[in-house]
Amino acid sequence: MTTRMFGEPIVRREDPRLVSGAGRYLDDLGSEALAAAFVRSPHAAARVLDVDVADALDVDGLVAIYTYEDLDGRVAEPLPLLIPHPALHAPRTGYPLARDVVRHVGEAVVMVVATDRYVAEDACERIRVSYETRPPVVGLEAAARAERRVHEDLPDNVAAHLVQEVGDARAAIAAAPHRLRLDLDIERSASMPLEGRGVYARWDEADRSLRVYSSTQTSTSVRFALAAKLDIPVDRVEVVTPDVGGGFGVKIMHPWPEEVLVPWAAMRLGRPVKWAEDRREHFISSAHERAQRHAVEVGFDGDGVLRGLDVTFDHDNGAYTPYGIIVPVITSTQLLGPYKPGTYRVELRSLYTNTVQVTPYRGAGRPQGCFVMERTMDAIAAHLGLDRAVVRERNFIQPEEMPYDHQLTFQDGRPLIYDSGDYPATLEKLRKLVGWDGFAAFRDEARAQGRRVGIGLACYVEGTGVGPYEGAHVRVETNGSVVVATGLTTQGQGHETVFAQVAAAELGVPVEAVTVVTGDTRRFKYAVGTFASRAAVMSGNAVALAARKVRAKALRIAAEALEIDPGDLEVVEGVVSVKGTPDVSIPLRTVAVLANPLRYAFDEETQRATQFAVGGGADRPPVADDDEPGLEATDYYSPLRSTFAAGMHAAVVETDPETAEIKILRYCVVHDCGRLINPRIVEGQIHGGVAQGVGGALYERMVYDDDGQLLNASFMDFLMPYASEVPVVETDHLETPSPLNPLGIKGAGEAGVIPGAAVFASAIEDAEGIPIHRMPISPSELWELRRREEQG
Amino acid sequence: MTEHDVRLTVNGVPRTARVPARRLLSDCLRHDLGLTGTHVGCEHGVCGACTVLVDGLPMRSCLLFAVSVDGAEVTTVEGCRAPDGGLGPVQQAFQDCHGLQCGFCTPGFVTTVTAYLRDHPDPTPEQAREAVGGNLCRCTGYQNIVASVLRAAEITGDGQP
């Protein structure tokens, strides 16, 4: 049997292409295209006084130079505010090319188009831009002090202010037997996919149509945005996402300035234009995330049970807010994790700084929230002298309390209600996996040998599968192959495999018969995008629903052909047959032929469907009123709310008594994302997430100086983990199905990264006996903490 | 700008390109010779996605000028296929072990591991991890890449394609 279905760890079907160099990423396309390059601001805050292009005009191969003055129509307007929010009272977005003012290093000022990228960069070097600089606002402290402004009309630098409250948290804390206050900081990092952004556009003047290839996480939304910006009918715009070399959130942001300008230039020039971002551009002109400063007040009883939690935090949104305030809103709601806070108050401010804008990076505010909550749990345990796992357990939402309503509004504007989960069982599995109960003895033993080891624990709940919808089209071809198209995009998640598994399982065909197309608006026009651990939940269910429709239609047509009741039929290995009597059968490919009544046959097989061949009564039309030709169907999945996955991680670390080097000895994960479509792929997602968690906890940070220069804008200096830095991940799974969707699945994409900072802070604190309140942490910072601790 | 003729043997096939002296080998392979399997992730020799074998040795093609390797034999990821055109042992191992997700860094790993296994046919897990220690991957967390190295050694040892 070749049929492998839902739940099987099959190898990926996209891999033969990708391992042999036959993948097609953005810069592999368009060898005939002109190349674009950009002159970007070297200053964090400045007025653009003059752009002198005279020297560049001599460059052989130069085609065009554009500044803001050249932009026309809606291209000259500010870029869209993608996600308005009532609390975002002062949204600001940039222009495709700077209009008079630049607000961060890297902002595009001039666009150059030339015969190739080398020549375009030659021209960029010869363009002289005069600036009047002013002191920038860098960091949350400076933003909050508001001695200087990022946007001239905003005296306090505050973009958004939001308070959510459940019960009277401040009163509950004041009345609690125990109280603690903590200040907890997380620094900036970034998605940093190995392939940067890229856009390639072709304008067909005769056809008045535009095709754009973009390395994006949302081709459908880029299409709508471009049609609006360029003022062409949506039906004349196609956006295709080729193979994408990683996204991790940054490519859900759109339309980028370059994503508007490249098609715009292609239309003006009547020639294909391409831009492939270089690494420095990615550092200084795409997006970052994570930087937040939190103040926590917590009240609890003698058992460590929460009475009230009051969290106030500032979020650094950089220079612009095109993606709204999704990141801090997620922090504010998801920091509660698997716990009941008793009462809860959260107040956030989102602040402008003269740095690269902030949009979601894998985890999207959850790593910060998890860090805050889990540090608080550890602090309570330390304060009361209790086991850290026990304190967590005492505050867990219990399985019988599901669905659990936090009475808060989630990132999608819908109520924050957990659908399912078994947190005590998850913790129990983790304790066993890591050997939590025996660790104290190991620590003592190690300490006796002069070694410092520590164990940490962190729990999270992740809202996944956020709406509004995804759709899918499933078609059985007359050769028996099945084509699935869904609109969201793929950046390495294995959608060609998992959606094929879903379709194969639903239809009863071998998975090898199924081909999956994603992110191509020529094939599926309505979609949202790939982010928020939503693809498997949203498109997975849409594929299942569409495949079910196709199956029902196949059974109906086969039943007519076989003159039998559809209820007596089944589909196995691509053949419709009578249950228990497999000899009475009809292949699905023949059903596909019969599904499309033909006047003209195109091969021998399809002669069966022509008008003198088919039976049926002359008293009804060949296609019934409520039917359509073809063995195919489209359906959409639109959930009531997000579904909530959960997990718990434990790390064992060793710190060097002299150098303060931090070594990871073990890393354990227990993960619950409902039913698994492909365990191999889910496991891979966890491994990759953990690696980014390690990076975020121990290595990665964006280092800005006071002038707003990003000092480490290269892979030499921004330390992403290599194989030598990432531990072997030991995993165990729980499968608590989601009651919200037909397949019972929950998202898994972001999970691995969420508890990174929290779990390492916990483990290092355990090894060192020094409170850790700020992540990431480097050996030199740990060394400094030790020194301060020794000095009291 | 003065252009130069560069003669290379790429994946066993003699190729020529007329390029300016500043043309990077990575760009020459990708854009002049159409071998887009070699990827460019950082342009400063850190990520390893552009790794190709030059006269058998793994090198960062983004740090080499095409003119500086005139006359060399170059093997790219496209050349790591099995003689019958199917997946080569390292490529097969990466699929078997889910050693890739987005696949952008994979060509650099495939070439690096191909060269490594030629000299170290039977690595331990620690050695396998060390062997890929100079290449960045943002997706996999490396665990399955290390497994792929071991699996590739196994396949090569068995004499299977």
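**Domains.** I looked up the domain assignment of chain A, whose bounds come from an automatic or database assignment. I found domain 1 (32-134 + 197-276), domain 2 (387-466 + 641-790) and domain 3 (468-637). I note that this is a predicted model, in which local features need pLDDT of at least 70, side-chain atom pairs count only at pLDDT 80 or more, and totals for chains, interfaces and linings use all residues. Residues are numbered from 1 along each chain as its sequence is written, while chains are lettered from A and ligands numbered from 1 in the order in which they are written.

**Domains 2 and 3.** I took the centres of domain 2 and domain 3 of chain A over C-alpha atoms and got a separation of 42 Å. I counted 18 residues from domain 2 of chain A and 17 residues from domain 3 of chain A in the contact, where two residues touch if their C-beta atoms, placed from the backbone, lie within 7 Å. On the domain 2 side I have eight nonpolar, seven polar and three charged residues. Ala, Val, Leu, Ile, Met, Phe, Trp, Tyr, Cys and Pro count as nonpolar, Asp, Glu, Lys and Arg as charged, and the others, Gly among them, as polar.

**Sheet.** I traced an open, mixed sheet of four strands in chain A, ordered β21-β20-β19-β25. Strands are DSSP runs of E (at least two residues), helices of H or I (at least four), numbered from the N terminus; two strands pair if DSSP finds at least two bridges between them. The edge strands are β21 (514-518) and β25 (632-637) of chain A. I followed β20 (residues 482-486) of chain A, which runs parallel to β21(A) and is joined to it by five bridges. A:V483 has A:T515 as its bridge partner in β21(A).
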